[in-house]
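Hello,

Here is the structure I said I would pass on. Please look it over; my notes follow below.

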Amino acid sequence: MVAQQAAVGEFETADRLLDLLEQDGFPIETAVWVLDDEGRGRLYIVPRIWNGDTLQETFRVAQTIVDHTDELPGRYDLHYSVVRPDNPIVRAVRSVASPDRRVRGVYHDGTYVDEAYVLRPST
């Protein structure tokens, strides 16, 4: 129960962060939030405009978090990665269609994802 409540908080923080990134001019191609075996979530963000430097894009996300600390109370629990469009986890989640944005038990090209949510569909 406690792990589930923490995951809900992380999910809400991840969704709010995406809103703030878009508001601050960070175009997002897609974003998925994936639960691991322990019930912790990780947000995978794929920028629409890829400059080839994940470190620079990761700093940009961190700056948005710093700029909006009051709007992201769960920021300390949020795990995120800025990834390329060909990231195996992102590709696995994107390989299936889901009307409610929830993806469960998908296996694609050697990558298994138990549970994920598409927060920003591919554009």
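Start at isoleucine 45. Leaving aside residues up to four places away in sequence, Ile45 touches Leu18, Leu21, Phe26, Ile28, Thr30, Val61, Ser81, Val82 and Val83. Contact here means heavy atoms within 4.5 Å.

Before the rest, the ground rules. This is a predicted model, in which local features need pLDDT of at least 70 and side-chain atom pairs count only at pLDDT 80 or more, while totals for chains, interfaces and linings use all residues. Residues are numbered from 1 along each chain as its sequence is written, and side-chain values use heavy atoms, with hydrogens and water left out.

Overall layout

The protein has 3 helices and 5 strands. Along the sequence they follow the pattern α-β-β-α-β-α-β-β. Both kinds of element are DSSP runs, numbered from the N terminus: helices are H or I with at least four residues, strands are E with at least two.

The C-alpha trace spans about 40 × 35 × 25 Å along its principal axes. The radius of gyration is 14 Å, which agrees with the value near 14 Å for a compact globule of 123 residues. That radius is taken over C-alpha atoms, and the globule rule is 2.2 Å times the number of residues to the power 0.38.

Of the 123 residues, 39% count as buried. Buried means under 20% relative accessible area, exposed over 50%, and partly exposed in between (1.4 Å probe, protein chains only). Among contacts between residues at least 6 apart in sequence, 57% join residues at least 24 apart.

Cores

The largest nonpolar core has 19 residues; Leu17, Leu18, Leu21, Ile28, Leu43, Ile45 and Val61 touch the most other members. Two or more residues each come from helix H1 (2-23), strand E1 (28-35), strand E2 (41-47), helix H2 (54-67) and strand E3 (80-82). H1 gives the most, with 5 residues. Another core lies apart from it, with 13 residues, among them Val34, Tyr44, Val90 and Ala116. A nonpolar core is a set of buried Ala, Val, Leu, Ile, Met, Phe, Trp, Tyr and Cys residues joined through side-chain atoms within 4.5 Å.

Sheet

The 5 strands form an open sheet in the order E3-E2-E1-E5-E4, with mixed pairing. E3 and strand E4 (102-108) stand at the edges with a single partner strand each, so one side of each has no neighbour in the sheet. The twist averages 30° from one strand to the next. Two strands pair if DSSP finds at least two bridges between them.

E1 and strand E5 (residues 111-120) pair in the antiparallel sense over 5 bridges. In that part of the sheet, valine 34 stands opposite alanine 116 in E5. H2 packs on the sheet and touches E2 and E3; its direction makes about 135° with that of E3. Axes are lines fitted to C-alpha atoms, for helices over the stretch in contact, and angles run from 0 to 180 degrees between N-to-C directions.

E4 and E5 run antiparallel, joined by 6 bridges. Arginine 104 stands opposite glutamate 115 in E5. The E4 and E5 hairpin has 2 residues between the strands, and aspartate 109 takes a positive phi near 50° there.

Leucine 35 counts as buried because its relative accessibility is 17%. Its C-alpha lies 8.3 Å from that of valine 113, 78 residues apart along the chain.

Best wishes
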